Amino acid sequence: MVDRDELKNKIEVFGRLLLEEMRISYRSKRFYIYLILFLLPPLFMSLWYFIFQYHIDIQTIDLKIFMQGEGAKEDILTERVNIVKGMRGISSGLYMSGLMGLLIAVISSEWVAGERHSGMHNITFSKFMSRSGILLARYIAFLIHSAIFVTIAILWVGVLVLTPLINVGLFFEAFSKTANILLIMIGVTILCILAYTSLATLFSVLSPRPMIAIIMMLIYTMVIVSIVSVIALIFGQQNPALYNLMYLSLSNDGSVVMEHFILGEEFWKSYIIPQDPYVALSVLIAVSVGGLVLACLLLETREFS
Amino acid sequence: MKEAVIKVEGLVKFYGKIRALAGVTFEVEHGTCFGYLGPNGAGKTTTIRILLGLIKQDAGRAFILGEKAGSRKALRRVGYLPERPGFYDHWTLLDYMRYIGTLYGMALREAKRRAEELLEWIKLGDWAYEKIGNLSAGMRQRLAFAQAFINDPDLLILDEPTSNLDPMARIEILDKIKSAVREGRTVLFSSHVLPEVERVSDHIVIIHRGLILAQGRIEDLRRLPNTYSIKTDNPQILVNELKNLSYVKNVSIKDRETLFVEVEDVSRFEGEIARIIAKCGVKLKRFEPVGESLENIYVRIVREGGIPVGGQR
């Protein structure tokens, strides 16, 4: 039976470390590169949109209302909602890609492998806080930052697409109709980042040097994922169970899940591989939790000389 | 007998087929500075890593502050300076100290206050907001030394604490270690810089190839070679007399008044020396065992292979 005061104290101690991990991440250049990767695309899109596209959209909407009267508003709304749905490409192409997996590996490789290489682990792992507690604090701190960045980036682009509706008083109606789509995008992207981080953390625990952890992630994203995808494509026709290998490709599954939830039941069937989005979602969660749990177990039981 | 802060019993550790520790046994009493001596690769750092739970022993037991070595409860009261302390170059000194404070569960404000206090104490207060990457090797070592005190520890484990330091900084650090002992802390001082150990430690353990060769008070270990210094008004007469004794191994004159006698049978020599001096008719000015330097003790014990304590060769 866990003592209540002891538990409260443990949560408090962990909370302090989490806050400190979050604060200390602002000292790292890699953190800002990560931030830029999230925020620069929406920023460029905004610039591009307001310079080249915004006026055209306004004129088109005005013209439609002028030609068709109030009845055009429904069409305009549907059109904008479809544009927001089309934004899923940004999430799956940029934030859920292997490139993001590599950047996450670069950051998380420092958490254990980097410390082992520099000797910092002699200090951090010989303290009152458990090794898995330290790793968990780093993981959660990174995830909180990522979740904030993802939310800002996706909401930003979502709002950007809807801005021409402000003049015709349809912005809030359109926003309420697209809010669930944006939430799904945010949720699946965060889940995918969580899975990448979990794998990258595991590689960091397994590697004596940060570069090896990054190479392991590179091998995973480039080689293993490609090989299993090819095997699934070639042999999956005869043996449907082999299709499941495709789920090891995190970015692919993430985008399939997103496609399914955003575009409805029919769309995913048009994919070459008939993946089940719910299984894909389960795989994402399993990788996220499993990778991290394994990393924590290894950290607690392995020797660090 | 004071309470044992560190208790190690028959520690054995293998790295693959290489035996790093072969039944190491020793105890460190409360409020002492304990010198842990040995050449590179002797097993000093391996022992320390076992005590801190960084690695696990293959056999034997180890306790710190009455708790199992490596347990979180014990580590809360331990300050550790590793042989190769790591740093994040892009952190400031204050970040580093604060962060280590939170690893001990300290409140953020308390960790910051203590960090600032220690940086002043180690004369790095002006550098608190500088990046660690801008520090010299000696300053880094001082920072690493300071972090070991962040939790106000009862036990300090210092692995080569003076490496990379200039002579003045060495003296400063050694004085701080001495004052830590005066404050009631226990220190395990691992080093192969013998004059430094001699300066701060009262007890030592000599480890070689994973075996404890000797342990005890430095004063006690000094007597091992059975050499005595005798100051008299006529040493030559005494030399002639001593040379005839079967249990006297070597006699040499140091200066006009002093001679050194190395004996094989201490008790016999100490029992008969008064009679011999009286027989020679010389005036005795001083008689004492020779204060062998720690360096000599160490070299002799390691060369001879020593008498393994609590282990097998």
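Colleague: Which residues of α9(A) meet α10(A), and which residues of α10(A) do they meet?

Modeller: From α9(A), Tyr196(A), Leu199(A), Ala200(A), Phe203(A), Ser204(A) and Leu206(A) come up against Ala213(A), Met216(A), Met217(A), Tyr220(A) and Thr221(A) of α10(A). Contact means heavy atoms within 4.5 Å. By class, this contact has nine nonpolar, two polar and no charged residues. Here Ala, Val, Leu, Ile, Met, Phe, Trp, Tyr, Cys and Pro are nonpolar, Asp, Glu, Lys and Arg charged, and the others, Gly among them, polar.

Colleague: Before we go on, what am I looking at, and how is it numbered?

Modeller: This is a predicted model, where local features need pLDDT of at least 70 and side-chain atom pairs count only at pLDDT 80 or more, while totals for chains, interfaces and linings use all residues. Residues count from 1 along each chain as its sequence is written, chains are lettered from A and ligands numbered from 1 in the order written, and side-chain values use heavy atoms, leaving out hydrogens and water.

Colleague: At what angle do α9(A) and α10(A) pack?

Modeller: α9(A) (residues 171–206) and α10(A) (residues 210–235) pack at about 135°, axes 8 Å apart. Helices (H or I, at least four residues) and strands (E, at least two) are DSSP runs numbered from the N terminus. Axes are lines fitted to C-alpha atoms, for helices over the stretch in contact, with angles from 0 to 180 degrees between N-to-C directions. The pair is therefore oblique; under 35 degrees counts as roughly parallel, over 145 as roughly antiparallel, 65 to 115 as roughly perpendicular, and the rest as oblique.

Colleague: And how do α2(A) and α3(A) pack?

Modeller: α2(A) (residues 29–68) and α3(A) (residues 72–86) sit at about 150°, with axes 9 Å apart, so they are roughly antiparallel to each other. Residues making the contact include Asp57(A), Lys64(A) and Gln68(A) of α2(A), plus Lys73(A), Asp75(A) and Ile76(A) of α3(A). The class count is five nonpolar, one polar and six charged.

Colleague: How many salt bridges does a search find?

Modeller: The general idea is that side chains of opposite charge can pair when their charged atoms come close. Over all chains there are 33, each with a side-chain nitrogen of Lys or Arg within 4 Å of a carboxyl oxygen of Asp or Glu. Take Glu115(A) and Arg138(A): their closest N and O atoms are 2.9 Å apart. Glu115(A) is in α6(A) (residues 110–118) and Arg138(A) in α8(A) (residues 131–162), so the bridge ties together parts 23 residues apart in sequence.

Colleague: Are Glu115(A) and Arg138(A) buried or exposed?

Modeller: Both are buried, that is, under 20% relative accessible area, with exposed over 50% and partly exposed in between (1.4 Å probe, protein chains only). In chain B, Glu9(B) and Arg61(B) also form a salt bridge, 2.9 Å from N to O, linking strand β1 (residues 4–15) to strand β4 (residues 59–64), 52 residues apart. Glu9(B) is partly exposed at 26%, as is Arg61(B) at 46%.

Colleague: Where do Arg113(B) and Glu117(B) lie?

Modeller: They sit four residues apart in α4(B) (residues 108–121), about one turn of the helix.

Colleague: How many residues of α5(A) are buried?

Modeller: Eight of the 11 residues of α5(A) (residues 98–108) are, so the helix is largely enclosed by the rest of the structure. Among them are Met100(A), Leu103(A) and Ile107(A). The cover includes α2, α4 (88–95), α6, α8, α9 and α10 of chain A.
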